[in-house]
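Here's a quick briefing to read with the structure open beside you. Have a look around first, then come back for the notes.

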Amino acid sequence: MILPPHLTVRGGHLQIGDHDTVDLAERFGTPLYVTDETRIRENFRRLSSALTGYYPEVRVLYAAKANGNLAILRVLASMGAGADVFSAGEVTLALAAGMSPESLLFNGSSKSPSDLALAVEKGVRVSVDSLDELRELDRAAGEAGTTVDIAFRINPEITVPTHPKIATGLATSKFGIPAGEILDAYRHALAAEHINPVGIHCHIGSQILDVEPFAREVDVLIGVASDLIDIGVDLSFIDIGGGLGIPYRRGIDQAPTPEDYAGAVMPVFLAGIRDLGIAPELWVEPGRWLVADSTILLTRVSSVKAAHKTFANVDAGFNLLARPVMYDSYHEVVAANRADAPPEREYSIAGPICETGDILAEDRLLPYIAAGDILAVLDAGAYGFAMSSQYNSRPRCAEVLLSGENAGLMRRAETIDDLTATMVVPPWQA
Ligand code: LLP
């Protein structure tokens, strides 16, 4: 396994940034999400400069669903990021983190009237996903006496090499307006009194380890842009979404770099807009690539059991990291307090949830492991805590942020009292 540069081994312990993971586990308890802020900053700089090297008018909208902690949003806001927001909660958090309304795009295939009213009230642009939504947004903007800038989300009907649950641009996907109907949708938008169509939006899927589908996507969008110019749409942005994957199998997965990504999409984009004689902003919506590798999940071994396999039973399960169970995802596991010990045997890392499928990692060759040891699950910063639950009435764990020599909570652990905090005694039980 090849560790990313912010993860190192010192004195037999895994370090993240300047910090010893075993000390962090002792100090803050386990399970524990630990994020290295410096790594997020490096990732942002790298992705953003790979793109702006080709074209200055690039806007990076961080996909807030990947990790919506306010502290993370603040870090990205301070770097100049906007956000792809998918709910009233994400709009509110992004604004609270200091992002400006114009740097957000409110996405989603099922926004409620109150979501749309919030976008109107805050002055956030909307990626519209259906004609019903367009009508409701026009009504909401009219009621507020204003006009809303929108894009339509296009379904480009592009197959991508990723898990089917996270391929979003397939013809069968619930997202977007089919490419064949998109012009008609823009005609409706042009005719609507309180709607100003200014952009095109697309997102083809997530954890994509090949850049070619992104280039094809941009090609489709340029074709649509050409048709839109013909019907009188004045395009100020083209948003190509997120989706760049990371090498979860460290040293094995061949993942494109941001430079590969930019090298594939930018020439198509630049040639396209030059031919059309327009200069819209290019928007991208990376989530995973910015935050996934910044974070590890520390979990303590409760017991080791030799059954038909050797199970290392740990205190974090799919309540805290749903990806392995949901998408058969692979996350590397490091024995944090024996990080330079030789491999001993294969262990399956099993969570505490009452389901057979609650396995974080299958058959991993690891050093000798005993109860009390600390394991680190890598690349847990995207769709990790963000998808956690209280299943089996387990309070969620804490999240720690590291910045240089600083280490501090960015979310406290929930308590048993938190489990009942929103429960109400029905009147007849009182
Ligand atoms: N833009 C839109 C409209 C999206 O729906 C998404 C992700 C992104 C951007 C960011 O995609 P990224 O750069 O992170 O690939 N829970 C799954 C991933 C779901 C992705 C949902 N949409 C996972 O754990 O793999």
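Is Cys202 buried or exposed? Cys202 is buried, since its relative accessible area is 0%, and buried means under 20%. Keep in mind that this is a predicted model. The notes below cover the cysteines and then the ligand.

**Cysteines**
- Cys397 is buried too, because its relative accessibility is 4% and the cut-off for buried is under 20%.
- If you're looking for disulfides, the structure holds 0 of them.
- As a reminder, a disulfide is a covalent bond that joins the sulfur atoms of two cysteines.

**Where the ligand sits**
- The ligand takes up the space of the largest pocket.
- Around the ligand you'll find 19 residues, and the closest are Ser206, Glu285, Arg323, Tyr327 and Tyr383.

**Polar contacts and cover**
- Arg323 puts a polar side-chain atom 2.6 Å from an oxygen atom of the ligand.
- With Arg288 it's the backbone that takes part: one of its polar backbone atoms is 2.8 Å from an oxygen atom of the ligand.
- Tyr327 has a polar side-chain atom 2.7 Å from a nitrogen atom of the ligand.
- On its own the ligand has 580 Å² of accessible area, and the protein covers 93% of that.

How values were computed: Residues are numbered from 1 along each chain as its sequence is written. This is a predicted model: local features need pLDDT of at least 70, side-chain atom pairs count only at pLDDT 80 or more; totals for chains, interfaces and linings use all residues. Side-chain values use heavy atoms; hydrogens and water are left out. A residue is near a molecule or strand if one of its heavy atoms lies within 4 Å of it. A polar contact is a pair of N or O atoms within 3.5 Å; within protein, one must be able to donate a hydrogen and the other to accept it, and residues adjacent in sequence count only if both atoms are side-chain atoms. Accessible areas come from the Shrake-Rupley method with a 1.4 Å probe; for residues, only the protein chains shown count as cover. On a 1 Å grid over the protein atoms alone, a cavity is a set of points where a 1.4 Å probe fits but cannot get out, and a pocket is an open set with protein on both sides within 12 Å along at least five of seven lines; lining residues have an atom within 4 Å of a point. A molecule sits in a cavity or pocket if more than half of its atoms lie within 2 Å of its grid points. A disulfide is a pair of cysteine sulfur atoms within 2.5 Å. Buried means under 20% relative accessible area, exposed over 50%, partly exposed in between (1.4 Å probe, protein chains only).
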